Amino acid sequence: MTYKFKEEDQQFYKFLEKLDILPYLNVFVEQHKSRIKKTYENMIAKMKENVQTERQTKFIEEMNYEQYYEVVKITLEIMFAKDIVRLTTNHKNAELLYLAAHSLALKMSRNAQNATYVKQMEHIISNCQDSIMQTYRNS
């Protein structure tokens, strides 16, 4: 379950590197590690309850938490970058938006349990789980 960057995603990731936002997003995700771990364990339990094929059994065996965590982290980062880029196309002052994005990432890292940020993290985790479960069901 290793995350393979799409070329477009690589560009978004590099964009965040240039803006020096990744350290803040990494701190934010780290503060949600227990939430990510719990959802991973629940997802694996659900998979084990519904095993129908040998390929699904192998899929479960190949899953591991560290890779899942990385997928969630990268998904958050890419979605954050896409939001910034989308906003820059609608506003004339890109530099001001970049500063605002930097400020938001800093706030997220300092107040990771803010209800809005938790809701966003849960949405990202849910998207990751849906994608993984779809792949599991199709295996």
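**The nonpolar core**

Tutor: The largest nonpolar core holds 40 residues, and the members that touch the most others are Ile21, Met47, Tyr68 and Phe80. The elements that each give two or more residues to this core are helix 1 (7-19), helix 2 (22-30), helix 3 (33-49), helix 4 (54-62), helix 5, helix 6 (94-110) and helix 7 (115-137). Helix 5 makes the greatest contribution to this core, with eleven residues. Keep in mind throughout that this is a predicted model.

In soluble globular proteins, nonpolar side chains tend to be buried together.

The background is a chain with seven helices and zero strands. From the N terminus, the order of elements is α-α-α-α-α-α-α. Of the 139 residues in the chain, 38% count as buried. The C-alpha atoms fill a box of roughly 55 × 30 × 20 Å along the principal axes. Among contacts in the chain with a separation of 6 or more, 80% are between residues 24 or more positions apart. The accessible surface of the chain is about 8800 Å², and carbon and sulfur atoms account for 50% of that area.

Leaving out residues up to four places away in sequence, Ile21 touches Leu16, Phe80, Ile84, Ala101, His102 and Ala105. Phe80, one of these neighbours, is itself among the core members that touch the most others.

Leu22, Leu25, Phe28 and Val29 are buried in helix 2. Viewed down the axis of helix 2, its buried residues fall within an arc of 120 degrees, so they line one face of the helix. The partners against which the buried residues of helix 2 pack are helix 1, helix 3, helix 5, helix 6 and helix 7.

Helix 5 spans residues 65-90 and includes Val71. Val71 has a relative accessible area of 11%, and because the cut-off for buried is under 20%, Val71 is buried. With a relative accessibility of 17%, Thr75 counts as buried. Thr75 touches Ile124 and Cys128, not counting residues up to four places away in sequence.

Next, the aromatic rings. A pair of aromatic rings is described by the distance of the centres and the angle of the planes. The whole structure contains six aromatic pairs. In one of them, Phe15 and Tyr98, the ring centres are 5.4 Å apart and the planes are at 70 degrees, so the pair is edge-to-face. This pair links distant parts of the chain, with Phe15 in helix 1 and Tyr98 in helix 6, 83 residues apart. The two partners fall into separate burial classes: Phe15 counts as buried at 16% relative accessibility, whereas Tyr98 is partly exposed at 26%.

Tyr40 and Tyr65 form another pair, with ring centres 5.7 Å apart and planes at 65 degrees, so that pair is edge-to-face as well. It too links distant parts of the chain: Tyr40 lies in helix 3 and Tyr65 in helix 5, 25 residues apart. Tyr40 has a relative accessibility of 10% and counts as buried; Tyr65 is also buried, with a relative accessible area of 10%.

The Tyr40 and Tyr65 rings are part of a cluster in which ring pairs link Tyr40, Tyr65, Tyr68 and Tyr69. Tyr68 is also one of the core members that touch the most others.

The charged end of Lys37 sits over the ring of Tyr65, 4.6 Å from its centre. The charged end of Lys33 sits over the ring of Tyr69, 5.0 Å from its centre.

For contrast, consider a loop position. Asn114 lies in the loop between helix 6 and helix 7. Its relative accessibility is 25%, so Asn114 counts as partly exposed. Asn114 and Leu97 are 17 residues apart in sequence, and their C-alpha atoms are 22 Å apart in space.

How values were computed. Residues numbered from 1 in each chain as written. Heavy atoms only, no water. Helix = DSSP H or I, 4+ residues; strand = E, 2+ residues; numbered from the N terminus. Buried < 20%, exposed > 50% of the residue type's maximum accessible area, 1.4 Å probe, protein only. Core = buried A, V, L, I, M, F, W, Y, C linked by side-chain atoms within 4.5 Å. Contact = heavy atoms within 4.5 Å. Phe/Tyr/Trp six-rings, centres within 6.5 Å; stacked < 30°, edge-to-face > 60°. Lys NZ or Arg CZ within 6 Å of the ring centre and 35° of its normal. Arc of directions from axis to C-beta. Areas by Shrake-Rupley, 256 points an atom, 1.4 Å probe, with all protein chains shown as cover.
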